[in-house]
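Please look over the sequence and the structure before reading on.

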Amino acid sequence: GREVMQQEIDLNMTRLNEVNKMKLAFERITHDHKSDSAQPGSLVHTGNGNYYIAISAGQLKIEGTTYYAISAASPVGLALAGRKAGDDTTLNGKNISIKEVS
């Protein structure tokens, strides 16, 4: 019984450390910047969906609009990095057309 409890404690400590790392990464992002290219802190509207480049936090609904919070290091984040409105990029053989970056 003690070994099982210790394994649970270790697993929860690992999860807590990962959440703390994400929190620190999120706090480092400038959320009020204005940029015309996709970078951490940017909202990127594409033909395939809307992305918030920050931390990997999954799907968010804000005022009826769905956004995907993604890490800049994720495959989508890397494909969007530095792109501007009107640019196209490809990910896994699919074309991504960037409509707006804010």
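## Salt bridges and sheet

The structure, which is a predicted model, holds two salt bridges.

| Salt bridge | Closest N and O atoms |
|---|---|
| Glu18 with Lys21 | 3.6 Å |
| Lys84 with Asp36 | 3.8 Å |

As background to these pairs, side chains of opposite charge can pair when their charged atoms come close. Glu18 and Lys21 are separated by about one helical turn, because they lie three residues apart in helix H1, which covers residues 2–28. Glu18 is partly exposed, with a relative accessible area of 42%, whereas Lys21, at 54% relative accessibility, counts as exposed, the cut-off for that class being over 50%.

The other salt bridge, between Lys84 and Asp36, links distant parts of the chain, its two residues being 48 residues apart. Lys84 sits in the loop between helix H2 (75–80) and strand S5 (88–91), while Asp36 belongs to the loop between H1 and strand S1 (43–46). With a relative accessible area of 39%, Lys84 is partly exposed.

In general, strands of a sheet pair through backbone hydrogen bonds, either parallel or antiparallel.

Both senses can be followed around S4. Strand S2 (residues 49–54) pairs with S4 (residues 65–71) in the parallel sense over four bridges, and in this part of the sheet Ala54 stands opposite Ser71 in S4. Strand S3 (residues 58–62), by contrast, pairs with S4 in the antiparallel sense over five bridges, and Gly58 stands opposite Ala69 in S4. The hairpin of S3 and S4 has two residues between the strands, and Glu63 takes a positive phi near 50 degrees there.

Which strand is joined to S5 by four bridges? That strand is S6 (residues 94–101), and the two run antiparallel. Within this pairing, the bridge partner of Leu91 is Lys94 in S6.

How values were computed: Residues numbered from 1 in each chain as written. Predicted model: local features only at pLDDT ≥ 70, side-chain atom pairs only at ≥ 80, totals over all residues. Heavy atoms only, no water. Pairing = 2+ DSSP bridges. Salt bridge = Lys/Arg side-chain N within 4 Å of Asp/Glu carboxyl O. Buried < 20%, exposed > 50% of the residue type's maximum accessible area, 1.4 Å probe, protein only.
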